[in-house]
Amino acid sequence: MTNILEKSFLLVDDVPSVRTFLEQALTQLGAQDIMHAGNGRQALEKFTENMPDVVFLDIELPDLDGQIVLKELKTAKSNVHVIMVSAHSSVDNVKAAIASGASGFIVKPFSPKKVSSVLKSIDITS
């Protein structure tokens with residue numbers, strides 16, 4: 001089991017309130033190193049600069065498809081945990097995300113409990 005205090009997070013969503021909600025949920029769990037990105041290009045820049053351990057990544061971004069961003073992240077750091085976030089929980093979306101290397105998938109709207117649960121499933125927090 002890994003201590004969440006030791007992990008860095010990147011929250012990628014074009015909706016600021018979603019990023020804020022995720023940050024609040026992670027902060028409640030004890031996370032301290034949290035970065036934000038509002039689009040795919042910004043996400044790739046921040047990722048390259050900081051190499052976070054966990055990325056919450058929206059599938060539908062205004063500039064780049066989340067699946068493309070996912071592949072770029074996994075190429076840059078193969079052991080990064082990427083949790084896909086989407087308002088569309090189609091089986092195809094979930095399968096495509098997992099096949100591309102996503103560690104998990106959460107559907108909007110989600111609760112802090114769901115954030116905690118997905119982190120437990122990838123052994124980030126107890």
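Modeller: Lysine 77 and aspartate 53 form a salt bridge, their closest N and O atoms being 3.4 Å apart; the term stands for a side-chain nitrogen of Lys or Arg within 4 Å of a carboxyl oxygen of Asp or Glu. This is a predicted model, in which local features need pLDDT of at least 70 and side-chain atom pairs count only at pLDDT 80 or more, while totals for chains, interfaces and linings use all residues. Residues are numbered from 1 along each chain as its sequence is written, and side-chain values use heavy atoms, leaving out hydrogens and water.

Biologist: Where does lysine 77 lie, and where aspartate 53?
Modeller: Lysine 77 is in the loop between α3 (66–76) and β4 (81–86) and aspartate 53 in the loop between α2 (40–50) and β3 (54–58), so the pair ties together parts 24 residues apart in sequence. Helices (H or I, at least four residues) and strands (E, at least two) are DSSP runs, numbered from the N terminus.

Biologist: Is lysine 77 buried or exposed?
Modeller: Lysine 77 is buried, with a relative accessible area of 16%. Buried means under 20% relative accessible area, exposed over 50%, and partly exposed in between (1.4 Å probe, protein chains only).

Biologist: Next topic: how many salt bridges does the structure hold?
Modeller: The structure holds three. Lysine 108 meets aspartate 13 (2.9 Å, N to O), and lysine 108 also pairs with aspartate 58, with the closest N and O atoms 3.4 Å apart.

Biologist: Which residues do shared partners join into one network?
Modeller: Asp13, Asp58 and Lys108.
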